[in-house]
Amino acid sequence: MNFKRDLLINNLGIKEEVLNLCEEAEKELQEEFEKLKEVREYNQYKVLNVMQECRLSDTHFNWTTGYGYNDIGREKTEEIYAKLFNAEDAIVRPIIVNGTHALSLCLTGLLRPNDEILSVTGKPYDTLEETIGIRESKGSLKEFGITYNQVDFLENGSIDYDGIKEKINERTKMVFIQRSKGYSWRDSLSIEDIKKVVDLVKSVNENIIIMTDNCYGEFIETKEPTEVGVDIMAGSLIKNPGGGLALTGGYIVGKKELVELISYRLTSPGIGKECGLTFGTTRNVLQGLFMAPSVVSQAVMGAILCAKMFEKLDYEVCPKSNERRSDIIQIVKLNSAQEIIDFCKGIQAAAPVDSYVSPEPWAMPGYDSDVIMAAGAFIQGSSIELSADAPIKEPYCVYFQGGLTYEHSKFGVMKGISQILK
Ligand SMILES: *Cc1c(COP(=O)(O)O)cnc(C)c1O
């Protein structure tokens with residue numbers, strides 16, 4: 001027995017049959033993994049090229065105090081983000097507390113009373129339901145007289161282009177696209193799909209603002225939504241683009257006039273982007289961005305391995321191991337609540353932090369069933385780090401994502417499956 005197998009089986013609690021299954025799966029995935037390398041390499045050069053063109057220097061890792069006027073680190077970070085995403089301007093700040101906040105700033109900054117927002121990818125991410133007022137909530141867009149409409153996916157899972165055309169009306173100010181499948185059993189939108197939506201909407205009315213929720217999508221493909229005509233887009237720094245190193249924050253990139261309007265909601269009208277401290281976070285944000293193409297690629301490899309191993313055990317997965325991906329999430333349909341709990345306990349036991357605690361289902365606010373979450377991350381709540389979560393209800397789907405290194409994702413899957421088979 002070689003030393004790696006010995007460590008995994010005798011010290012780290014991996015069942016030998018699971019290790020064998022994993023090695024088999026890996027062998028069969030070589031071609032899939034090879035394809036990812038091209039994307040990763042291209043994105044690494046793309047990031048490097050922008051950092052060089054923007055003349056990033058170590059003085060940009062310093063920060064100011066008080067109002068934060070002329071914070072050159074903040075300005076450089078935003079210049080790099082804008083250029084990287086082929087956008088005119090950007091807001092990248094630690095005072096954006098999460099992805100929801102970044103997205104919500106875009107909505108509140110751009111929409112006015114009597115405007116309508118049209119989501120063309122079904123219901124948006126859970127937390128946005130309260131921002132928009134789909135679920136009753138204080139301070140929602142609905143309270144300000146902004147209405148909401150939605151186009152669902154067709155039965156075969158594709159985008160309902162005719163439905164989009166039908167539902168655009170004279171009050172439609174914004175079309176909203178969620179790139180990632182999030183927590184639904186559907187395909188994520190490819191950049192090509194997003195381009196089709198953009199072209200269609202602009203052909204109906206070129207003044208409609210097209211916004212994309214890019215959470216979990218960054219660096220999966222060689223292009224990003226703003227490179228195919230999306231006007232404004234936002235995401236979280238503790239997901240893909242922070243590369244596991246950003247301590248907190250969110251980003252918004254897009255057309256200059258739109259970013260300006262949003263900046264007046266970020267701080268206050270008249271002040272906009274000119275103020276606001278970075279608290280010494282620019283180094284982590286930019287080093288994380290530098291690492292992101294590689295980290296994201298390894299997380300995707302982990303997701304593909306997870307899909308493949310469960311396929312070999314005859315479970316249903318979404319997406320399948322050989323299907324195109326546009327985010328880092330892997331869904332597995334398990335057989336019972338017990339299997340969900342076991343898998344999540346395995347993921348937790350595979351973590352570098354808090355590996356000794358055991359996750360339990362609990363009644364999380366905002367959910368209609370108990371939820372279990374497994375993660376032992378260096379950054380609280382970071383989902384570019386390895387994590388798994390699931391509502392405890394049929395169809396018993398568990399959501400697996402992240403891993404700063406491929407080996408860690410792989411270890412997590414093996415540990416999770418070992419726990420199920422116990
Ligand atoms: C994570 C995520 C968000 C925002 O979530 P936060 O936890 O607030 O960062 C929004 N949309 C999608 C698709 C996401 O994955």
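Biologist: In which loop is the place of Asp314?

Modeller: This is a predicted model, in which local features need pLDDT of at least 70, side-chain atom pairs count only at pLDDT 80 or more, and totals for chains, interfaces and linings use all residues. Residues are numbered from 1 along each chain as its sequence is written, and side-chain values use heavy atoms, with hydrogens and water left out.

Asp314 is in the loop between α10 (282-312) and β8. Helices (H or I, at least four residues) and strands (E, at least two) are DSSP runs, numbered from the N terminus. The phi angle of Asp314 is near 70 degrees, a positive value in a residue other than glycine.

The peptide bond from Cys318 to Pro319 is cis, with omega near -5 degrees. Another cis peptide bond joins Glu394 to Pro395, with omega about 5 degrees. Pro395 is in the loop between β11 (387-391) and β12 (397-401).

Now to the ligand. Its shell (residues with a heavy atom within 4 Å of it) includes Asn98, Leu103, Tyr125, Gln178 and Lys239. The shell divides into 4 nonpolar, 5 polar and 2 charged residues; here Ala, Val, Leu, Ile, Met, Phe, Trp, Tyr, Cys and Pro count as nonpolar, Asp, Glu, Lys and Arg as charged, and the others, Gly among them, as polar. Helix α5 (residues 99-110) gives the most to this shell, with 3 residues.

Some of the pairs involve N or O atoms of the protein. An oxygen atom of the ligand is 2.8 Å from a polar backbone atom of Gly99, and an oxygen atom of the ligand is 2.5 Å from an N or O atom in the side chain of Thr100. A nitrogen atom of the ligand lies 2.6 Å from a polar side-chain atom of Asp213. The protein covers 89% of the 380 Å² of accessible area (Shrake-Rupley method, 1.4 Å probe) that the ligand has on its own.

Elsewhere, the structure holds 30 salt bridges, each a side-chain nitrogen of Lys or Arg within 4 Å of a carboxyl oxygen of Asp or Glu. One of them pairs Glu16 with Arg5, the closest N and O atoms being 3.3 Å apart. Glu16 is in helix α2 (residues 16-28) and Arg5 in helix α1 (residues 3-11), 11 residues apart.

Conventions. A polar contact is a pair of N or O atoms within 3.5 Å; within protein, one must be able to donate a hydrogen and the other to accept it, and residues adjacent in sequence count only if both atoms are side-chain atoms.
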